Amino acid sequence: MSRFEYLSVLISIVIALGMSEIVSTWSRLLRARARVDFYWLHSFWTVFMLLMMVQFWWGFWEFRVVQGWSFPGLVAVVAESLVLVLAAMALLPGADHGGNIDLRSHYFAHCRVFFTLGALLLLLLTVVDALIGGQPFLHLENAVRLPAIILVASAALFMNERFHVLFALAAAALFIGFVSVSYHA
């Protein structure tokens with residue numbers, strides 16, 4: 001077994017944990033739907049995070065050509081996946097809710113942590129792609145990541161609902177653009 005194969009098992013487990021947490025939370029919310037005030041923006045970001053996890057796992061395949069894996073490289077790649085999962089978990093309500101669940105209030109109470117972790121993730125992705133994947137910093141993917149980092153950091157700072165709605169639309173467009181650029185073949 002190669003180091004990449006060995007590492008890909010660990011990354012797959014971490015990403016599966018995050019995906020499982022999202023789907024389990026959806027299940028809990030659906031079962032408790034009589035007590036849940038759903039909020040479309042919260043739902044959007046949970047779906048977005050699920051798609052990010054799928055894309056992250058799919059994109060990890062590009063590292064199969066890396067020959068010289070080091071411990072710092074391993075830690076950096078594992079850190080990316082952990083930050084991705086932590087960001088999703090920061091947005092999800094816990095299972096300990098006994099009363100009504102207002103997902104709008106929950107979203108705005110937790111979005112600062114969620115988007116801060118999102119900005120950190122985008123920075124880690126950029127650095128790891130350059131240092132481990134050999135991708136130059138001046139690459140088309142980073143042309144999409146740079147405005148994404150700025151927008152995500154802004155979403156962590158501003159609690160204005162209109163800004164968050166516009167940002168969600170921009171994030172969807174940037175994600176589609178990133179996937180289109182990354183998987184054009």
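Helix 4 and helix 5 are roughly antiparallel to each other, a term used for angles over 145 degrees, whereas those under 35 count as roughly parallel, 65 to 115 as roughly perpendicular and the rest as oblique. This is a predicted model, in which local features need pLDDT of at least 70 and side-chain atom pairs count only at pLDDT 80 or more, while totals for chains, interfaces and linings use all residues. Residues are numbered from 1 along each chain as its sequence is written, and side-chain values use heavy atoms, with hydrogens and water left out.

**Helix packing**

The axes of helix 4 and helix 5 come within 8 Å and cross at roughly 160°. Axes here are lines fitted to C-alpha atoms, for helices over the stretch in contact, with angles running from 0 to 180 degrees between N-to-C directions. Helices (H or I, at least four residues) and strands (E, at least two) are DSSP runs, numbered from the N terminus. Helix 4 passes helix 5 in a left-handed crossing, meaning that the near helix is turned anticlockwise from the far one by less than a right angle; clockwise would be right-handed. Among the residues making the contact are Arg 112, Phe 115, Thr 116 and Asp 129 of helix 4, with Glu 141, Arg 145, Ile 149 and Ala 156 of helix 5. Contact means heavy atoms within 4.5 Å. By class, the contact of helix 4 with helix 5 divides into twelve nonpolar, four polar and four charged residues. In this division Ala, Val, Leu, Ile, Met, Phe, Trp, Tyr, Cys and Pro count as nonpolar, Asp, Glu, Lys and Arg as charged, and the others, Gly among them, as polar.

Helix 2 (residues 40-59) packs with helix 3 (residues 71-91) at an angle of about 165°, their axes 10 Å apart. That angle makes helix 2 roughly antiparallel to helix 3, and the crossing of the two is left-handed. The helix 2 side of the contact consists of His 42, Trp 45, Thr 46, Met 49, Met 52, Met 53 and Phe 56, and the helix 3 side includes Glu 80, Leu 84, Ala 88 and Leu 91. Eleven nonpolar, three polar and one charged residues make up the contact of helix 2 with helix 3.

Helix 2 and helix 4 pack at an angle of about 25°, with their axes 10 Å apart. They are therefore roughly parallel, and their crossing is left-handed. On helix 2 the contact is made by Leu 41, His 42, Trp 45, Met 49, Met 52 and Phe 56, and on helix 4 by residues including Leu 103, His 106, Tyr 107, Phe 114 and Phe 115. The contact of helix 2 with helix 4 has eleven nonpolar, two polar and no charged residues.

**Nonpolar core**

The largest nonpolar core has 55 residues, of which Trp 45, Tyr 107 and Phe 115 touch the most other members. Such a core is a set of buried Ala, Val, Leu, Ile, Met, Phe, Trp, Tyr and Cys residues joined through side-chain atoms within 4.5 Å. Helix 1 (3-31), helix 2, helix 3, helix 4 (103-131), helix 5 (140-157) and helix 6 (161-182) each supply at least two residues of this core. Its largest share, twelve residues, comes from helix 4. Setting aside neighbours within four places in sequence, Trp 45 is in contact with Leu 91, Tyr 107, Phe 114, Phe 115, Phe 167, Ala 168 and Ala 171. In soluble globular proteins, nonpolar side chains tend to be buried together.

**Individual residues**

Buried means under 20% relative accessible area, exposed over 50%, and partly exposed in between (1.4 Å probe, protein chains only).

| Residue | Relative accessibility | Class |
|---|---|---|
| Thr 25 | 1% | buried |
| His 42 | 2% | buried |
| Ala 156 | 5% | buried |
| Glu 21 | 28% | partly exposed |
| Gly 98 | 66% | exposed |

In helix 1, Thr 25 touches Leu 92 and Pro 93. Glu 21 also lies in helix 1 and is in contact with Arg 28, Met 89 and Leu 92.

His 42, in helix 2, touches Leu 91, Leu 92, Pro 93, Leu 103, His 106 and Tyr 107. Ala 156, in helix 5, touches Arg 112, Phe 115 and Thr 116. Gly 98 lies in the loop between helix 3 and strand 2 (101-102).
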